[in-house]
Amino acid sequence: MKLVYLLFIPLLCSLNSIARNDKKSTSNTIPADSISEEQVEYRFALGVQLGTDIGGAIPFPFSNVPDVFNPYPKLSPSIGAKLTFPIDRKWTLGAEVTYKKVAIDADARIDNQRFHDDKNNVISRFCGSAEMSMDFTMLEVPLYFKYTFKNQKDRILAGLYGAWIIKAKFRNTVTKGYMMTDDGVYNGSIDPSSPLETNFDNILDSWDMGFIAGYERQLFPRIELGLRFSCGFKDIFKPSNQYFDYKMLHMRGSLVLSYNLFDIKPPKLNPFK
């Protein structure tokens, strides 16, 4: 191990000497009031981030969202790490790994909701009031491109994400209302004293993927504050599920505060240059 350290010492000294010579040559050839490619702050940055998410699973197409829908988000902290690498002065490639929990409760007034009654193996319809509770614990891995504006502080980003759903819960409780056949024929009422509960946990899928977009602001040299929006491409249920006529997609907004632990700036480290 000592031998490895000794081999690194000449290398580090050489890099330091080259960096000093480049700096001197740049200062001698470039006017102070001009901006050159060499003066741009290329970065390879490893950072940590802390945030929170608001969202859940939303019916799609959105026309299936009830007119009376009252969400009650549950905020939980998220924690992760990020890696950024510049392509040029304006474009940066970024990747993250974030552990998060997205949870929400809601109540809604359902009108003529069509669903597959597994118990009786028939298509039924429901009108009335219902309560919903969902909770998703996941490991999210976004990969995106980031564009930096001229002030070098404001950025926008867009890309894709994949997520492993570590733990998922989705419960629905019908508090009052009535059932109908698929033809709209009355088929009985729901007694408020004996609500009808449905557990969807066993038919929830274990992964998700979608797009992510957002805005970021550099508050201090190493600290950034960002807003994100992400939406899944696939149903939260397993492909074999036929309970609803529509899909339910993961959709959430995120607030993220990040800190760059290691911020390496020499342009020589940029292989895209």
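Select Asp 208 and Tyr 161 in this predicted model, and look at how their side chains meet: the side chain of Asp 208 makes a polar contact with that of Tyr 161, at 2.6 Å. Asp 208 belongs to strand E9, which covers residues 207-220. If you keep Asp 208 selected and set aside its neighbours within four places in sequence, the residues in contact with Asp 208 include Gly 162, Ala 163, Gly 232, Phe 233, Lys 234 and His 250.

Next, turn to the surface and select Phe 44, Leu 46, Val 48, Leu 83, Tyr 259, Leu 261, Phe 262 and Ile 264, which form a nonpolar patch with about 650 Å² of accessible area together. Two elements each give two or more residues to this patch, namely strand E1 (44-60) and strand E11 (247-264), and the largest share, 4 residues, comes from E11. Ile 264, which lies in strand E11, is partly exposed, with a relative accessible area of 37%.

From there, move to the loop between E1 and strand E2 (68-74), where you will find Pro 61; the peptide bond that leads from Phe 60 to Pro 61 is cis, with omega near 5°.

Finally, select Gln 152, in the loop between strand E5 (122-148) and strand E6 (154-181). Gln 152 has a positive phi, near 65°, although the residue is not a glycine, and Gln 152 is partly exposed, with a relative accessible area of 38%.

Notes: Residues numbered from 1 in each chain as written. Predicted model: local features only at pLDDT ≥ 70, side-chain atom pairs only at ≥ 80, totals over all residues. Heavy atoms only, no water. Patch = residues over 30% accessible without salt bridge, like charges linked within 9 Å, V, L, I, M, F, W, Y side chains within 5 Å. Areas by Shrake-Rupley, 256 points an atom, 1.4 Å probe, with all protein chains shown as cover. Salt bridge = Lys/Arg side-chain N within 4 Å of Asp/Glu carboxyl O. Buried < 20%, exposed > 50% of the residue type's maximum accessible area, 1.4 Å probe, protein only. Polar contact = N/O pair within 3.5 Å; in protein donor to acceptor, adjacent residues only side chain to side chain. Contact = heavy atoms within 4.5 Å.
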